[in-house]
Amino acid sequence: MAEDNANIAELPVPPRLRSLIEGLESMLAEGADEAHIVRHGSALLRELVAHDDWLPQQAARPDPQYYRQYLLYRDPTARFSVVSFVWGPGQSTPIHDHTVWGLIGLLRGAEISQDFKRRADGVLEKSGPPQRLETGVVTAVSPTLGDIHQVFNAYDDRISIGIHVYGADIGAVDRSVFTLEGAVKPFRSGYAALT
């Protein structure tokens, strides 16, 4: 499903996406902390996903079997990355973490996200009710805000697309997937090839 990050070619950056990138670069150059990035970065992402006229078709293709993560932009020093997350009908992730701050904005369709927390014995339990994220909605994840969740396409009959921004080159970050019993398996997500 994922390809070696070194072999992933990025598409030209559309002007609407350029505005988000420039805003993030400015915040990071100023040394903004996570709370500032989440607050102001969410506003930038909300503005981006308010318009559905900029995402290249190559970065919106679902796979019949697995969700896809396409790299849209990777900061040259890996301070952040922007991806399109494409869900085929009924697709979901395993329970997983991120290890870095992340902003999730819905461009098309809807996602359902269920947060989890680890008990002292390592077992995972649901943390709050599932959240439905509709088109235009932006939310955040991070180790300080809550970082373990499972996500589903809210629809069984159409695709949904999220635009995700992470505080690293997310395809190269060592992360984990979990079972409800607390078993942990390391993984790196990589990126789907833009064809």
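Which residue takes a positive phi just after H1? In this predicted model, the residue is Gly 31, with a phi of about 80°.

Helix H1 covers residues 15-29. With 15 residues at 1.5 Å each, H1 should span 21 Å, and the distance of 21 Å between its end C-alpha atoms agrees with this. The buried residues of H1 are Leu 17, Leu 20, Ile 21, Gly 23, Leu 24 and Met 27. Because these residues cover an arc of only 160° around the axis, they lie on the same side of H1. The face turned away from this buried side carries the exposed residues Pro 15 and Ala 29. Among the elements that cover the buried residues of H1 are H2, E1, E2 and E10.

Helix H2 covers residues 34-49. Its 16 residues, at 1.5 Å a residue, should span 22 Å; the end C-alpha atoms are 21 Å apart, which agrees. In H2, the buried residues are Ile 37, Val 38, Gly 41, Ser 42, Leu 45, Leu 48 and Val 49. The cover over them includes H1, E4, E10 and strand E8, which comprises residues 138-141.

Five strands form an open sheet in the order E1-E2-E10-E4-E8, and their pairing is antiparallel. E1 and E8 are the edge strands, each of which pairs on one side only. On average, and with direction ignored, neighbouring strands of the sheet are turned by 25° against each other. Within the sheet, six bridges join E4 and E10 in the antiparallel sense, and Ile 104 stands opposite His 164 in E10. Both helices pack on this sheet. H1 touches E1, E2 and E10, and its direction makes about 65° with that of E1. H2 touches E4, E8 and E10, and the angle between its direction and that of E4 is about 15°.

In soluble globular proteins, nonpolar side chains tend to be buried together. Here, the largest nonpolar core has 29 residues, and those with the most contacts inside it are Leu 45, Leu 55, Val 82, Ile 163 and Val 165. At least two residues of this core come from each of H1, H2, E1 (68-74), E2 (81-87), E4 (102-108) and E10 (160-166). Leu 45, a buried residue of H2, touches Leu 20, Leu 103, Ile 104, Gly 105, Val 138, Ile 163 and Val 165, with residues up to four places away in sequence not counted. A second, separate core has eight residues, including Ala 168, Ile 170, Val 173 and Tyr 191.

Positive phi values also occur in residues other than glycine. Ala 78 has a positive phi of about 60° and is placed in the loop between E1 and E2. Its relative accessible area of 35% makes Ala 78 partly exposed. For Thr 99, phi is near 70°.

Definitions and conventions. Residues numbered from 1 in each chain as written. Heavy atoms only, no water. Core = buried A, V, L, I, M, F, W, Y, C linked by side-chain atoms within 4.5 Å. Buried < 20%, exposed > 50% of the residue type's maximum accessible area, 1.4 Å probe, protein only. Helix = DSSP H or I, 4+ residues; strand = E, 2+ residues; numbered from the N terminus. Contact = heavy atoms within 4.5 Å. Expected span 1.5 Å × (residues − 1). Pairing = 2+ DSSP bridges. Axes fitted to C-alpha atoms, helices over the stretch in contact; angles between N-to-C directions. Arc of directions from axis to C-beta.
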